[in-house]
Amino acid sequence: IAILLNMRIMRKCKDAYHIKEQIVFNLFLINFYFVIGGLELIPIDGVEIGDYFPMEFIGIFILYISFLGNGVWIWYLARKPSRKEVPFKPFPELLDSDPKFRNDFLQFLTLQFCPENLLFWEAITEYEKIPNNTDLQTETAKKIFEKYIQDESEYQVNIGFKISNDIHRKILLSEIDHNLFFLAKTEVMGTMKFYSFPMFLSKRSNTV
């Protein structure tokens, strides 16, 4: 039963915070195994309970209560949110709804010398709010291309050659709409979600 419970908890270890809970749960299991092993040493057959009750039984009972209480306490502490922890939400939702997280993540990316991914994502998010077929949309699209996509641009993002060429062609042909940067934004989001975000979580959990 303990092994099955352990495997079930392991399947929930999707980030650094769940891993901490798993470690604490394992400590609880170790304590529990120790107590069970001690209880099995109590003689029963052919022995009066008064022969061992004053010493062995009371000692094992105290050990059981203390280890069980200790296990419950550390389990509670592990589940209690830390002030430094980021609430567990999907990465895109964190970017959309949590300005503090976005700022902390940007600082982390800056230290990793790759802030352009988040800056590009923010620029596209604002661009998508601009009404279609307006001069502002056209001007913004050109500025984004020159700053983030054009070769040797200030904050050039790492996206596919075909995607960048397609964006350039549409700008030249004035085929500009809300979806102009959709594929580029998706690719950059994938880079942050599957590469930068796990590194950010790992570093943050080590400082908690």
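This is a predicted model: local features need pLDDT of at least 70, side-chain atom pairs count only at pLDDT 80 or more; totals for chains, interfaces and linings use all residues.
Figure 1. Residues are numbered from 1 along each chain as its sequence is written, and side-chain values use heavy atoms, with hydrogens and water left out. The protein chain has nine helices and zero strands; helices (H or I, at least four residues) and strands (E, at least two) are DSSP runs, numbered from the N terminus. Of its 208 residues, 32% count as buried, where buried means under 20% relative accessible area, exposed over 50% and partly exposed in between (1.4 Å probe, protein chains only). Among contacts (heavy atoms within 4.5 Å) between residues at least 6 apart in sequence, 62% join residues at least 24 apart.

**Figure 2. Arg 169 meets Asp 166.** You can find Arg 169 in helix H8. Its side chain makes a polar contact with the side chain of Asp 166 at 2.7 Å. A polar contact is a pair of N or O atoms within 3.5 Å; within protein, one must be able to donate a hydrogen and the other to accept it, and residues adjacent in sequence count only if both atoms are side-chain atoms.

Figure 3. Helix H5 (residues 99–111) has 13 residues and reaches 19 Å from its first C-alpha to its last. That is close to the expected 18 Å, a span found as 1.5 Å times one less than the number of residues. Phe 101, Asp 104, Phe 105, Phe 108 and Leu 109 are the buried residues of H5. Seen down the helix axis, these buried residues fall within an arc of 140°, so they line one face of H5; the arc is that of the directions from the axis to the C-beta atoms. On the other side of H5, look for the exposed Pro 99 and Lys 100. Asp 98 caps the N-terminal end, with a side-chain oxygen 3.1 Å from the backbone nitrogen of Lys 100.

**Figure 4. Phe 105 and Phe 200 pair up.** These two rings form an edge-to-face aromatic pair, 5.4 Å centre to centre with 80° between the planes. Rings of Phe, Tyr and Trp (its six-membered ring) pair if their centres lie within 6.5 Å; planes under 30 degrees apart count as stacked, over 60 as edge-to-face and the rest as tilted. Phe 105 lies in helix H5 and Phe 200 in helix H9, so the pair ties together parts that are 95 residues apart in sequence. Phe 105 counts as buried at 0% relative accessibility, and Phe 200 counts as buried at 5%.

**Figure 5. Thr 140 is tucked into helix H7.** Thr 140 has its place in helix H7 and counts as buried, at 18% relative accessibility. Its side chain reaches the backbone oxygen of Leu 136 at 2.7 Å. Leaving aside neighbours within four places in sequence, Thr 140 is in contact with Tyr 127 and Ile 130.
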